[in-house]
Amino acid sequence: KSTLPVVISTWDFGIAANAAAWEVLSKGGRAIDAVEAGARIPEADLKNHSVGRAGYPDRDGFVTLDACIMDELGNCGAVAGMEDIDHPISVARLVMDKTPHVMLVGDGARQFAIQQGFKAQKLLTPESEKAWKQWLKKAEYKPIINIENQPQMQGGQYNHDTIGMLAIDSKGNISGACTTSGMAFKMHGRVGDSPIIGAGLYVDNEVGGATSTGVGEEVIRNVGSFLVVELMRQGYSPEDACKEAVNRIIKKKPETAKEIQVGFLAINKKGEYGAYAIQGGFSYAVCNSEKKDLLIKGKSHY
Ligand code: SD4
């Protein structure tokens with residue numbers, strides 16, 4: 001249980017993202033503004049190769065970004081497969097605020113962003129290009145479990161992952177954001193769970209919110225984040241709801257599940273939070289008035 005306001009987010013790098021969200025929350029700001037501000041931090045981090053600029057490209061060398069955002073009123077916005085724009089979460093916010101639609105994809109998302117004042121720029125960094133060229137030698141697509149928290153091949157820097165963030169503001173309103181460059185070296189045009197409302201993120205202001213990280217295909221198949229929120233509605237604690245959603249994935253495809261990571265993170269209306277993952281090594285960050293940079297090891301099936 002946590003005091004309100006509170007913000008939680010996936011992986012170790014959630015600490016820095018939470019700090020930016022906290023700037024908004026601690027001044028009495030809205031949860032939706034907090035999660036947008038928070039998600040922008042890893043998007044701009046050049047050491048982070050799975051969110052925003054410097055994200056690893058797809059197998060054809062294109063960096064394509066996915067993001068979504070959802071507020072306490074059920075408003076939501078998303079972009080998928082968007083190129084050349086460095087803050088997909090803010091474009092998703094504008095889709096929500098300024099269009100009659102929920103999701104824009106590919107070139108349409110890019111054009112909309114440019115109309116809204118974003119600059120088109122190259123998102124592939126020399127480092128990400130080098131990793132891609134290295135990958136091309138074998139060209140084998142196999143997501144690495146917890147690549148997010150492992151020192152990566154070049155430079156010993158950390159390769160963090162999708163950020164999923166959930167916040168409750170001082171009025172008790174819940175919002176969430178999720179942003180990623182998707183699975184490294186995916187097929188061109190592949191969209192994961194992260195920009196899909198109900199899969200990578202879901203918020204219901206009566207109940208709570210949930211977000212996910214890991215192999216998006218399995219999350220989409222199970223409408224993961226919506227499932228977690230619905231389980232909390234039925235009385236499950238955040239951790240138990242995440243655990244049940246993980247169990248569904250394992251039950252449907254036990255052999256696949258052994259080889260992959262999927263983690264869920266959830267918070268309920270009371271500010272209780274919890275997480276569960278298929279594999280060990282999943283972490284999440286919590287920030288409220290008592291703890292600014294708490295890092296919690298999520299429980300896991302294996
Ligand atoms: C996706 N869920 O595109 C995202 C990426 C991720 O660990 O979280 N990777 O499937």
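**Exercise 1. Locate Thr162 and decide whether Thr162 is buried or exposed.**

Step 1: Thr162 sits in the loop between α5 (126-138) and β5 (163-168). Helices (H or I, at least four residues) and strands (E, at least two) are DSSP runs, numbered from the N terminus.

Step 2: Residues are numbered from 1 along each chain as its sequence is written. This is a predicted model: local features need pLDDT of at least 70, side-chain atom pairs count only at pLDDT 80 or more, and totals for chains, interfaces and linings use all residues.

Step 3: Count neighbours. Thr162 has 28 other C-beta atoms within 10 Å, so Thr162 is buried. A residue is buried if 20 or more other C-beta atoms lie within 10 Å of its own, exposed if 12 or fewer, and partly exposed in between, with C-beta atoms placed from the backbone.

Step 4: Check the record. UniProt lists Thr162 for "active site" in an unreviewed entry; positions use the numbering given here, feature names are shortened, and annotations may be inferred rather than shown by experiment.

**Exercise 2. Describe where Thr213 and Gly214 lie.**

Step 1: Thr213 belongs to strand β8 (residues 208-214), and Gly214 is in strand β8 too.

Step 2: Thr213 is buried because 33 other C-beta atoms lie within 10 Å. Gly214 has 29 such neighbours inside 10 Å, so Gly214 also counts as buried.

Step 3: In the UniProt record (unreviewed entry), the "binding site" annotation includes Thr213 and Gly214.

**Exercise 3. Which residues are closest to the ligand?**

Step 1: The ligand is surrounded by 12 residues (C-beta atom, placed from the backbone, within 6 Å of the ligand).

Step 2: The closest are Thr162, Gly182, Gly192, Thr213 and Gly216.
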